[in-house]
Amino acid sequence: MSQLISNQPLSKLHILSTKGVQMRTFHITWLTFFVCFFGWFGLAPLMPAIRADLGLTKPQVGNTIIAAVSATIFARLIIGKLCDSWGPRKTYTTLLIVGALPVMLVGLAHDYTTFLLFRLAIGVIGASFVITQFHTSAMFAPNIKGTANAVAGGWGNLGGGITQLAMPLIMATIVGFGFVKADAWRLAMIVPGVLMLFMAFIYWKYTKDTPAGNYDEINRTAVSKSEVSFWKACSDVRVWALALAYACCFGMEITFDGVAALYFFDNFKMEETEAGFWAMLFGFMNIFARAVGGIVADKVGQKYGMRGKGILLASMLLLEGLGILLFAQAGNLTMAVVSMLGFAMFLKMANGGTYAIVPFVNPKAVGVISGVVGAGGNVGGMLMGFLFKSQSITYGQAFMYIGGLVATVGLLLFLVNFGKTITIEQPEAELQAV
């Protein structure tokens, strides 16, 4: 346990400890990402009430889903570079403060156009994922990066599930005080905004950019000369293969987060809180599933190298796609829930498996590559969103198309050789620049 008070990356994940800057930062990082999901997707389970209040059509609802993930594409590319230059501490604090404003002010929207613009602005919060993965990578040694990234990302993504039930309950509580639903959903969104501001204070005060200190304390500028450019980092085909993989797993996750409550509400004729409960189960899988993906990837990597990690990721995507196809054909609630949990397991394991590879593609450009791959997830979510706005395609048909596409990408990924990357035994000194 003496390693916990060192200024070096940890080689073990002491999950129940908050001692040392590494574990303190780890826990604050995933908790901050958790809170960000309340701001990013807090509106999704409230959409039945919002749809009725603003009189939104199906295409308009689809456009808001697309807006929620499209702004994140550009934000993640920028945030990845800022992590390399500013450091994750300054970057996360700034993002939380800026992102909290549209979350708290979205209640001012009174028509489709203004609501769409607020939804677009809120989408910037999704860039928080890149900082989470970047910061976790900086705190842990190569042998445990995949596990640490997967646990932090998975527990953070759990917020996308909890918000599906928590936000309808918050709205119901406000209605209990005498407000109508048209006002209650607006007031409910103040809660996640305030939580984001609180986490901005915690992040600034209690985290460090690296185990050795903040960038300005360790003369980061001298180290940064060895970094590679954005375009050089992105010239590697493996970066784009990972971005495509992430488009199919995380892209599907945020798409499902956006439509799940509406899907259960409309298809099985239930109240917002009940629909939110079933949608929550999908996100709740993150408490362990993404971590399992990272842990298994680390074990496979130790035995079979990066090529083994790539084959594992391809397998998870193939199984995810097959699971989505089963979900699309579910004829009753029981089958829908069972198949949902099945494809959720493989999807979230694929999330973890992807970011068990990312830190090793180019250790001197982790921020950039994390941003590009993360943005790939949102490109996938945006493109999938177009299927759910179509008047001629049902939600079930949209899931069919997505399932077939994900399975196909999984098969193609078997052809990609990730074995050219550095090995996990690479000396830590070469990796601490991240």
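Student: Which residues make the nonpolar surface patch of about 480 Å²?

Tutor: Phe177, Phe179, Leu187, Ile190 and Val194 make that patch. This is a predicted model, where local features need pLDDT of at least 70, side-chain atom pairs count only at pLDDT 80 or more, and totals for chains, interfaces and linings use all residues. Residues are numbered from 1 along each chain as its sequence is written, and side-chain values use heavy atoms, with hydrogens and water left out.

Student: What makes a group of residues a patch?

Tutor: Patches are made of residues with over 30% relative accessible area and no salt bridge; nonpolar side chains (Val, Leu, Ile, Met, Phe, Trp, Tyr) are joined within 5 Å, and like charges within 9 Å. Accessible areas come from the Shrake-Rupley method with a 1.4 Å probe, and for residues only the protein chains shown count as cover.

Student: Is Phe177 buried or exposed, and where is it found?

Tutor: Buried means under 20% relative accessible area, exposed over 50%, and partly exposed in between (1.4 Å probe, protein chains only). Phe177 has 69%, so it is exposed. Phe177 is found in the loop between α7 and α8 (181-188). Just after α7, Gly178 takes a positive phi of about 110 degrees.

Student: Why is α7 called a helix, and how does its reach compare with the span expected?

Tutor: Helices are DSSP runs (H or I, at least four residues), numbered from the N terminus. α7 covers residues 145-176 and has 32 residues. The expected span is 1.5 Å times one less than the number of residues. For α7 that comes to 46 Å, and the helix reaches 46 Å from its first C-alpha to its last, close to what is expected.

Student: Where is the kink in α7 centred, and how many of the residues of α7 are buried?

Tutor: The kink is centred on Ile162 and is about 40 degrees. The bend at a residue is the angle between axes fitted to the seven residues ending there and the seven starting there. Of the 32 residues in α7, 24 are buried, and the helix is mostly covered.

Student: How many disulfides does the structure hold?

Tutor: The structure holds 0 disulfides. A disulfide is a pair of cysteine sulfur atoms within 2.5 Å. Cys36 is in no disulfide, as the nearest cysteine sulfur, that of Cys83, is 12 Å away. Cys234 is in no disulfide either, with the sulfur of Cys83 the nearest at 15 Å. Cys36 is buried at 2% relative accessible area, and Cys234 is buried at 5%.

Student: Why do Lys181 and Glu272 count as a salt bridge?

Tutor: A salt bridge is a side-chain nitrogen of Lys or Arg within 4 Å of a carboxyl oxygen of Asp or Glu. The closest N and O atoms of Lys181 and Glu272 are 3.2 Å apart, so the pair meets the rule. Lys181 lies in helix α8 and Glu272 in helix α13 (residues 272-284), so the pair ties together parts that are 91 residues apart in sequence. Lys181 is partly exposed at 38%, whereas Glu272 is buried at 9%. By this rule the count comes to 7 salt bridges.

Student: Which helices hold Lys348 and Glu253?

Tutor: The side chains of Lys348 and Glu253 meet in a salt bridge at 3.0 Å, N to O. Lys348 lies in helix α15 (residues 333-354) and Glu253 in helix α12 (residues 237-267), so parts 95 residues apart in sequence are tied together. Lys348 counts as buried at 0% relative accessibility, and Glu253 is buried at 0%.

Conventions
Helices (H or I, at least four residues) and strands (E, at least two) are DSSP runs, numbered from the N terminus.
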